[in-house]
Amino acid sequence: MGNAVCCGWTHCQSEVKSMAESEQALLHVTNTSSCTTNDVKEQSISPQKSEGSEDPPEPRNGTDNTEDCKRDHEKKFGQTQVTIHGDETRAKNLESKQLTFAKEWMRNHQQSDHISTSVKATEQVFKEPELLETKDNLFKSDVSVAADTNVHMVCNQEGNDGEEDLYRDEDEIEKDKSQRLLDESQLAAVASERSTIEPSMAILEYCTREWKGNTAKAQLIRNAYAAVCEDFKSIRRVRGDNYCALRATLFQALHSVEKLPCLQQDDLDQIPDKLIGENHIWIKQWYFSVHDSGDENPVKLLSGYLMALKEKCNHLCEMDSWEERKAACEELFQTNTEQYAMFEAVKIMMLAKAIELDSNKVQEKDVPLFCWLMFARDTSTNPYQFMKNHLNHVGNTCGLDQVEMFLLGYSLQVTIRVFRLYKFGTDEFITYYPDDHDDWPMVTLITEDDRHYNVPMKDYQVTIL
């Protein structure tokens, strides 16, 4: 395209130069004609000497012959002068048109870099027959450049799509594609099956790795981990999503608690239907955080989740050995779909317990202190608002608040003991959710900020996943 522009501009300059030379030639002819006219005029008005006489002849009829010479001159040169002046005007007009066209052509080329524009402009400039060969060569050059560009774009697209080698056999390319897709699917399967509870790690080793600074906060957390290490030797990190409180608590309950009556009751899966029967039809607005339930009835879906949770709990509690139960629990927390179903089942159990406590509060029955605190919030003055503004977002955009940890303990009928490391040195370093049921089994968690929870273990052994 650059060659086309240069050639076109050079030709425009040549035409302009030729027009200028033509103008000079026309001006020269005009000047020459003027000189000839003057000579004729001088000859016609100058006195002519007769032979043998030096005196000029007398004017004819007593008048000067200048008018006669002028008329003779007009007859002789008048048509030539008109022609010359007409050619001069056309030359100037042609020059003006050529200059205007050259400027317009260059402006078009500066505004567009497309090859077709270059070809079109070249065809407009090269109109003379003697330049047809040059135009054809330039057009072939532009077409060649366009073809090379298209080939380059196609090659890049093939390289981006599959990084295919044009020199390889088609069967080999397809084989490589199949192998690449298989590898990607295997990696995705491994990532999805990876346990959401990491293997055990010594507490002090974990603390040294995570808290290396010399700030007051780092020193406080290290001292807190040292205090926890008196009772627990290892820690298992929990996946850091908004389900971590539910995940850590449920893992500890299924992993360590011998019996879980609340999860083994016969009518566990009937909770949604009972709530509908009590005119709590707004539970149909239940929002499933991780996966979309589509058009399926949420009440029916929640009943299925509760049934699955009950069956898994019964299966684990009926195992003969702890080793077998622990292995089954590890496998359970490797499957994301089953985990999320269990978490949603626990959430509907929490809602049912919240409705029960609110009903007791309205009837002025004894309720735990956290019940008053939970329904004193502007965003959860009643069970419906609690579901809409809090439970529906757990696992999606937020986790459990501290007051909701009490509700979780009541729903599962377990006491959740939490080492709150950032509260080390205060009475809140170890908190129980709830603290009014010593007869319930206890599970233990660790938190550094009341947002993310990990699992401490008494024995230190690497868990094979």
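Tryptophan 372 lies in helix H14, which spans residues 369–374, and in this predicted model the residue is partly exposed, with a relative accessible area of 47%.

**Helix packing**
- The axes of helix H6 (residues 203–210) and helix H7 (residues 216–228) come within 9 Å and cross at roughly 170°, and because angles over 145 degrees count as roughly antiparallel, the two helices H6 and H7 are described in that way.
- On the H6 side the meeting residues are Ile203, Leu204, Tyr206 and Cys207, while H7 contributes Arg222, Tyr225, Ala226 and Val228.

- Aspartate 358 belongs to helix H13 (residues 336–362) and counts as buried at 13% relative accessibility.
- Apart from neighbours within four places in sequence, aspartate 358 is in contact with Cys371, Phe375 and Pro383.

**Salt bridges**
- The whole structure holds 14 salt bridges, among them one between the side chains of aspartate 241 and arginine 247, at 2.7 Å from N to O, in which arginine 247 is buried at 0% relative accessibility.
- Aspartate 401 and arginine 377 form another, with their closest N and O atoms 3.1 Å apart; this pair links distant parts of the chain, 24 residues apart, with aspartate 401 in the loop between H15 and H16 and arginine 377 in the loop between H14 and H15.
- Aspartate 401 is partly exposed at 36% relative accessible area, whereas arginine 377 is buried at 18%.

Note on methods
Residues are numbered from 1 along each chain as its sequence is written. This is a predicted model: local features need pLDDT of at least 70, side-chain atom pairs count only at pLDDT 80 or more; totals for chains, interfaces and linings use all residues. Side-chain values use heavy atoms; hydrogens and water are left out. Helices (H or I, at least four residues) and strands (E, at least two) are DSSP runs, numbered from the N terminus. Buried means under 20% relative accessible area, exposed over 50%, partly exposed in between (1.4 Å probe, protein chains only). Axes are lines fitted to C-alpha atoms, for helices over the stretch in contact, and angles run from 0 to 180 degrees between N-to-C directions. Angles under 35 degrees count as roughly parallel, over 145 as roughly antiparallel, 65 to 115 as roughly perpendicular and the rest as oblique. Contact means heavy atoms within 4.5 Å. A salt bridge is a side-chain nitrogen of Lys or Arg within 4 Å of a carboxyl oxygen of Asp or Glu.
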